[in-house]
Amino acid sequence: MGEQFSRTELLFGAKAMEKLACARVAVFGLGGVGSYTLEALVRSGVGVIDIVDDDRVCLSNLNRQLIATISTIGQYKVDAACQRMKEINPEVVINKYKTFYLPETALQFDFTQYDYVVDAIDTVAGKLELALQAKKAGTPIISSMGAGNKVDPTAFEVTDIYKTSVCPLAKVMRRELKKRGIDSLKVVYSREPALTPTGDMAVNNCEDENACEQGGRSIKRRQIPGSNAFVPSVAGLIMAGEVIKDLIEFKKI
């Protein structure tokens with residue numbers, strides 16, 4: 001491995017770094033959570049990463065998304081992410097998919113090719129399909145639960161979906177996964193009760209308070225969640241840490 005990974009190698013060893021260099025991970029969603037997961041994976045030496053997102057960087061992303069800068073506004077997130085990752089590790093292989101992941105687009109991906117899958121998307125239908133496809137392929141997956149409207153980055157924990165509580169998204173996922181016969185899903189979630197947004201929705205750059213333009217699509221939402229720089233990022237870094245440790249089968253003594 002190159003000198004840039006020498007400090008990581010001091011912790012995990014040369015064989016572990018070789019495993020990471022040969023690993024292929026898919027990151028679905030490059031928002032506040034996924035962008036931090038992606039960068040941590042690249043900085044850890046993962047050799048091949050598929051990134052999946054059809055959205056473009058916009059002004060409202062600047063407060064929390066790692067790839068969002070004034071210079072990247074208007075760019076597709078996968079393009080901005082690829083450029084940034086190549087500046088960190090020119091040898092990393094990035095496969096870009098400008099795709100909104102749903103059951104209708106699932107066949108574009110062969111989950112048997114992945115050593116790990118990261119679910120950092122925010123639609124229930126997509127998250128359920130990711131869990132289904134990962135189970136069919138026998139591929140490890142970690143899924144992010146709700147990070148919006150929260151302010152305590154220390155409240156996150158890693159557990160199985162069926163051990164979660166409080167989080168409304170986790171509740172829906174538990175119910176729907178059970179219907180589909182999926183008896184386990186590794187998740188990062190928080191029991192912190194979500195706040196009710198108090199700001200003026202007019203400050204959001206979406207044209208309609210109930211819709212957000214993504215990749216030319218108008219996504220209807222009941223309410224746009226509030227967010228910040230320090231909660232989604234922590235969830236993303238926790239996810240990356242779990243992926244890295246699982247890939248190298250790290251056991252803390």
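**Close-up views of a predicted model**

**View 1. The whole chain, for orientation.** The chain holds seven helices and nine strands. Out of its 253 residues, 48% count as buried. Take the contacts between residues at least 6 apart in sequence: 68% of them join residues at least 24 apart.

**View 2. Helix α3 packs against helix α7.** Here we're looking at residues 34-43 (α3) and residues 232-247 (α7), whose axes come within 7 Å and cross at roughly 40 degrees. That angle makes α3 oblique to α7, since roughly parallel would need an angle under 35 degrees. As for handedness, α3 and α7 make a right-handed crossing. On the α3 side, the contact is made by Tyr36, Thr37, Ala40 and Leu41. From α7 come Ser233, Gly236, Leu237, Met239, Ala240, Val243 and Ile244. Sort the residues of this α3 with α7 contact by type and you get eight nonpolar, three polar and no charged.

**View 3. Glu39, a buried glutamate in helix α3.** Staying with α3, we move to Glu39, which is placed in that helix. Is Glu39 buried or exposed? Its relative accessible area is 6%, so Glu39 is buried; the label applies to anything under 20%. Set aside the neighbours within four places in sequence, and Glu39 is in contact with Leu66, Arg84, Met85 and Ile88.

**View 4. Gln65 in the loop between β2 and α4.** The loop in this view runs between β2 (48-52) and α4 (77-88), and Gln65 has its place there. With 6% relative accessibility, Gln65 counts as buried. What does Gln65 touch, not counting residues up to four places away in sequence? The list is Leu30, Gly31, Gly32, Ser35 and Lys77.

View 5. Thr99 belongs to the loop between β3 (93-97) and β4 (116-119). It counts as buried, at 10% relative accessibility. Thr99 and Val52 are 47 residues apart along the chain, yet their C-alpha atoms are separated by 6.0 Å. Leaving out residues up to four places away in sequence, Thr99 touches Val52, Asp53 and Asp54, along with Thr105, Gln108 and Phe109.

View 6. Asn149 has a phi near 60 degrees, a positive value in a residue other than glycine. You'll find Asn149 in the loop between β5 (141-144) and β6 (156-160), and at 16% relative accessibility it counts as buried. For Val166, phi is near 70 degrees, again a positive value in a residue other than glycine. Val166 is in the loop between β6 and α6 (168-179).

Definitions and conventions. Residues numbered from 1 in each chain as written. Predicted model: local features only at pLDDT ≥ 70, side-chain atom pairs only at ≥ 80, totals over all residues. Heavy atoms only, no water. Axes fitted to C-alpha atoms, helices over the stretch in contact; angles between N-to-C directions. Helix = DSSP H or I, 4+ residues; strand = E, 2+ residues; numbered from the N terminus. Parallel < 35°, antiparallel > 145°, perpendicular 65-115°, else oblique. Left-handed = near helix turned anticlockwise from the far one by under 90°. Contact = heavy atoms within 4.5 Å. Nonpolar A, V, L, I, M, F, W, Y, C, P; charged D, E, K, R; others polar. Buried < 20%, exposed > 50% of the residue type's maximum accessible area, 1.4 Å probe, protein only.
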